[in-house]
Amino acid sequence: MKMKRNYKKDFTLLALLLIPIGVAINFVGFQVAQVLRLPIFLDTIGTILVGVIAGPLVAIVAAFITNSITAIFNPIYFPYVITSMAIGLGAGLLSKYGMFRTIYKAIISGLIITAIAVIASAPITVLFFGGATGNTSSAITATFLAMGQNIWSAVFTSTIITEIADKVISVLFVYFIVKSMSDRYLSKMKYGHLYMKKSNRNK
(Lines give C-alpha, C1' and ligand atoms only; values in the text may rest on other atoms or scores of the structure.)
Protein backbone atom coordinates (compact mmCIF):
# COMPACT_ATOMS: atom_id res chain seq x y z
CA MET A 1 0.00 0.00 0.00
CA LYS A 2 2.85 2.38 0.79
CA MET A 3 4.39 1.78 -2.65
CA LYS A 4 1.02 2.45 -4.28
CA ARG A 5 0.73 5.76 -2.41
CA ASN A 6 4.23 6.72 -3.58
CA TYR A 7 3.24 6.05 -7.20
CA LYS A 8 0.21 8.28 -6.82
CA LYS A 9 2.37 10.98 -5.28
CA ASP A 10 4.79 10.84 -8.23
CA PHE A 11 2.15 10.75 -10.96
CA THR A 12 0.25 13.90 -10.12
CA LEU A 13 -1.78 15.68 -12.79
CA LEU A 14 1.05 18.15 -13.45
CA ALA A 15 3.58 15.31 -13.68
CA LEU A 16 1.35 13.50 -16.18
CA LEU A 17 1.02 16.69 -18.23
CA LEU A 18 4.80 17.07 -18.18
CA ILE A 19 5.32 13.68 -19.86
CA PRO A 20 4.09 14.70 -23.36
CA ILE A 21 6.07 17.95 -23.04
CA GLY A 22 9.21 15.94 -22.28
CA VAL A 23 8.52 13.61 -25.21
CA ALA A 24 8.01 16.59 -27.53
CA ILE A 25 11.30 18.15 -26.37
CA ASN A 26 13.06 14.85 -27.12
CA PHE A 27 11.71 14.83 -30.66
CA VAL A 28 12.51 18.49 -31.31
CA GLY A 29 16.06 18.05 -30.01
CA PHE A 30 16.59 14.96 -32.15
CA GLN A 31 15.23 16.65 -35.27
CA VAL A 32 17.42 19.72 -34.75
CA ALA A 33 20.49 17.49 -34.40
CA GLN A 34 19.52 15.61 -37.57
CA VAL A 35 18.81 18.72 -39.64
CA LEU A 36 22.06 20.39 -38.58
CA ARG A 37 23.92 17.07 -38.99
CA LEU A 38 25.38 17.37 -35.51
CA PRO A 39 27.49 14.46 -34.21
CA ILE A 40 25.18 14.22 -31.18
CA PHE A 41 21.55 13.17 -30.63
CA LEU A 42 19.88 15.66 -28.23
CA ASP A 43 17.03 13.14 -27.87
CA THR A 44 17.01 12.82 -24.08
CA ILE A 45 16.73 16.47 -23.03
CA GLY A 46 13.03 16.04 -22.26
CA THR A 47 13.59 12.78 -20.37
CA ILE A 48 16.28 14.38 -18.21
CA LEU A 49 14.07 17.43 -17.59
CA VAL A 50 11.18 15.23 -16.45
CA GLY A 51 13.51 13.28 -14.17
CA VAL A 52 14.96 16.42 -12.62
CA ILE A 53 11.69 17.99 -11.54
CA ALA A 54 9.18 15.12 -11.49
CA GLY A 55 11.35 12.19 -10.40
CA PRO A 56 12.74 8.97 -11.88
CA LEU A 57 9.48 7.04 -12.28
CA VAL A 58 7.85 9.73 -14.40
CA ALA A 59 11.05 10.08 -16.45
CA ILE A 60 11.08 6.33 -17.16
CA VAL A 61 7.57 6.61 -18.60
CA ALA A 62 8.58 9.59 -20.76
CA ALA A 63 11.61 7.65 -22.03
CA PHE A 64 9.54 4.56 -22.86
CA ILE A 65 6.97 6.60 -24.79
CA THR A 66 9.68 8.47 -26.70
CA ASN A 67 11.45 5.33 -27.89
CA SER A 68 8.20 3.51 -28.62
CA ILE A 69 7.03 6.28 -30.93
CA THR A 70 10.46 6.67 -32.54
CA ALA A 71 10.58 2.92 -33.19
CA ILE A 72 7.43 3.17 -35.31
CA PHE A 73 9.42 5.18 -37.86
CA ASN A 74 12.78 3.49 -37.28
CA PRO A 75 12.74 0.14 -35.38
CA ILE A 76 16.47 0.42 -34.73
CA TYR A 77 15.71 2.77 -31.82
CA PHE A 78 13.47 0.45 -29.81
CA PRO A 79 16.22 -1.69 -28.18
CA TYR A 80 17.69 1.56 -26.87
CA VAL A 81 14.57 2.10 -24.77
CA ILE A 82 16.63 0.47 -22.00
CA THR A 83 19.23 3.23 -22.35
CA SER A 84 16.64 6.00 -22.33
CA MET A 85 14.88 4.59 -19.27
CA ALA A 86 18.22 4.22 -17.46
CA ILE A 87 19.01 7.86 -18.25
CA GLY A 88 15.62 8.96 -16.88
CA LEU A 89 16.18 6.91 -13.73
CA GLY A 90 19.68 8.31 -13.29
CA ALA A 91 18.56 11.90 -13.81
CA GLY A 92 15.79 11.52 -11.25
CA LEU A 93 18.06 9.98 -8.63
CA LEU A 94 20.74 12.62 -9.18
CA SER A 95 18.11 15.33 -8.86
CA LYS A 96 16.95 13.88 -5.55
CA TYR A 97 20.33 14.90 -4.12
CA GLY A 98 20.29 18.36 -5.71
CA MET A 99 22.80 17.52 -8.42
CA PHE A 100 21.30 20.07 -10.81
CA ARG A 101 21.30 23.02 -8.42
CA THR A 102 24.54 24.54 -9.71
CA ILE A 103 26.17 24.43 -13.11
CA TYR A 104 29.18 22.63 -11.63
CA LYS A 105 26.99 19.87 -10.20
CA ALA A 106 25.03 19.74 -13.44
CA ILE A 107 28.20 19.04 -15.43
CA ILE A 108 29.13 16.26 -12.98
CA SER A 109 25.61 14.87 -13.46
CA GLY A 110 26.16 15.00 -17.21
CA LEU A 111 29.29 12.88 -16.84
CA ILE A 112 27.47 10.38 -14.62
CA ILE A 113 24.60 10.15 -17.09
CA THR A 114 27.17 9.66 -19.85
CA ALA A 115 28.52 6.63 -17.98
CA ILE A 116 24.99 5.27 -17.60
CA ALA A 117 24.31 5.76 -21.31
CA VAL A 118 27.56 4.08 -22.37
CA ILE A 119 27.10 1.06 -20.08
CA ALA A 120 23.50 0.61 -21.26
CA SER A 121 23.86 1.31 -24.98
CA ALA A 122 27.23 -0.12 -26.04
CA PRO A 123 26.24 -3.78 -25.39
CA ILE A 124 23.00 -3.20 -27.32
CA THR A 125 24.96 -1.82 -30.28
CA VAL A 126 27.25 -4.86 -30.32
CA LEU A 127 24.73 -7.60 -29.57
CA PHE A 128 21.79 -6.32 -31.63
CA PHE A 129 23.52 -4.53 -34.50
CA GLY A 130 27.00 -6.00 -34.73
CA GLY A 131 28.59 -2.71 -33.68
CA ALA A 132 27.08 -0.44 -36.36
CA THR A 133 23.73 1.37 -36.43
CA GLY A 134 24.47 3.85 -39.21
CA ASN A 135 24.83 6.93 -37.02
CA THR A 136 27.88 9.10 -36.37
CA SER A 137 29.31 6.76 -33.75
CA SER A 138 29.38 3.96 -36.32
CA ALA A 139 31.92 5.88 -38.41
CA ILE A 140 34.04 6.41 -35.29
CA THR A 141 33.71 2.71 -34.47
CA ALA A 142 34.92 1.81 -37.96
CA THR A 143 37.96 4.02 -37.44
CA PHE A 144 38.90 2.26 -34.22
CA LEU A 145 38.35 -1.15 -35.83
CA ALA A 146 40.70 -0.13 -38.63
CA MET A 147 43.25 0.77 -35.97
CA GLY A 148 43.14 -2.78 -34.65
CA GLN A 149 40.71 -2.57 -31.72
CA ASN A 150 38.24 -5.42 -31.21
CA ILE A 151 34.52 -4.77 -31.67
CA TRP A 152 33.72 -4.30 -27.96
CA SER A 153 36.57 -1.88 -27.36
CA ALA A 154 35.80 0.06 -30.54
CA VAL A 155 32.09 0.41 -29.73
CA PHE A 156 32.67 1.43 -26.10
CA THR A 157 35.28 4.02 -27.15
CA SER A 158 33.13 5.52 -29.90
CA THR A 159 30.08 5.55 -27.63
CA ILE A 160 32.00 7.43 -24.93
CA ILE A 161 33.12 10.04 -27.47
CA THR A 162 29.61 10.72 -28.80
CA GLU A 163 27.73 10.36 -25.52
CA ILE A 164 29.92 12.63 -23.42
CA ALA A 165 29.24 15.62 -25.67
CA ASP A 166 25.56 14.76 -26.09
CA LYS A 167 24.76 14.20 -22.43
CA VAL A 168 26.72 17.15 -21.01
CA ILE A 169 25.08 19.50 -23.54
CA SER A 170 21.65 17.99 -22.82
CA VAL A 171 22.11 18.38 -19.07
CA LEU A 172 23.16 22.01 -19.49
CA PHE A 173 20.02 22.65 -21.55
CA VAL A 174 17.97 21.16 -18.71
CA TYR A 175 19.85 23.21 -16.10
CA PHE A 176 18.98 26.48 -17.84
CA ILE A 177 15.39 25.41 -18.53
CA VAL A 178 14.84 24.62 -14.83
CA LYS A 179 16.51 27.90 -13.86
CA SER A 180 13.97 29.75 -16.00
CA MET A 181 10.94 28.05 -14.41
CA SER A 182 8.83 29.91 -11.89
CA ASP A 183 8.82 28.94 -8.23
CA ARG A 184 5.05 28.61 -8.43
CA TYR A 185 5.35 25.81 -10.96
CA LEU A 186 8.37 24.14 -9.38
CA SER A 187 6.68 24.03 -5.98
CA LYS A 188 4.09 21.63 -7.42
CA MET A 189 6.62 19.11 -8.76
CA LYS A 190 8.25 16.30 -6.76
CA TYR A 191 11.77 17.76 -6.74
CA GLY A 192 10.86 21.25 -7.82
CA HIS A 193 11.42 22.69 -4.34
CA LEU A 194 15.13 21.92 -4.70
CA TYR A 195 15.40 24.35 -7.61
CA MET A 196 13.15 27.16 -6.43
CA LYS A 197 14.89 30.53 -6.37
CA LYS A 198 13.89 31.10 -2.74
CA SER A 199 15.34 27.70 -1.84
CA ASN A 200 18.61 28.52 -3.55
CA ARG A 201 18.89 31.85 -1.74
CA ASN A 202 18.49 30.05 1.57
CA LYS A 203 20.95 27.29 0.65
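Modeller: The end C-alpha atoms of residues 12-33 lie 32 Å apart, and this span is 95% helix and 0% strand. Helices here are DSSP runs of H or I with at least four residues, numbered from the N terminus. Residues 40-65 are 77% helix and 0% strand, with end C-alpha atoms 21 Å apart. Both spans are among those that the unreviewed UniProt entry lists as "transmembrane region"; such annotations may be inferred rather than shown by experiment.

This is a predicted model: local features need pLDDT of at least 70, side-chain atom pairs count only at pLDDT 80 or more, and totals for chains, interfaces and linings use all residues. Residues are numbered from 1 along each chain as its sequence is written, and side-chain values use heavy atoms, without hydrogens and water.

Now helix 3. The axes of helix 3 (residues 45-54) and helix 5 (residues 81-96), lines fitted to C-alpha atoms over the stretch in contact, come within 7 Å and cross at roughly 35 degrees. The crossing is right-handed. Contact means heavy atoms within 4.5 Å. By class, this contact has 4 nonpolar, 6 polar and no charged residues, with Gly counted as polar.

Ile48 also contacts Phe100, Ile113, Ser170, Val171 and Val174, among others, leaving aside neighbours within four places in sequence. In the largest nonpolar core, of 36 residues, Ile48 and Val52 are among those touching the most other members. Such a core joins buried residues (under 20% relative accessible area, 1.4 Å probe) through side-chain atoms within 4.5 Å. Helix 3 gives this core its largest share, 7 residues.

How values were computed. Axes are lines fitted to C-alpha atoms, for helices over the stretch in contact, and angles run from 0 to 180 degrees between N-to-C directions. Helices (H or I, at least four residues) and strands (E, at least two) are DSSP runs, numbered from the N terminus. A crossing is left-handed if the near helix is turned anticlockwise from the far one by less than a right angle, and right-handed if clockwise. Buried means under 20% relative accessible area, exposed over 50%, partly exposed in between (1.4 Å probe, protein chains only).
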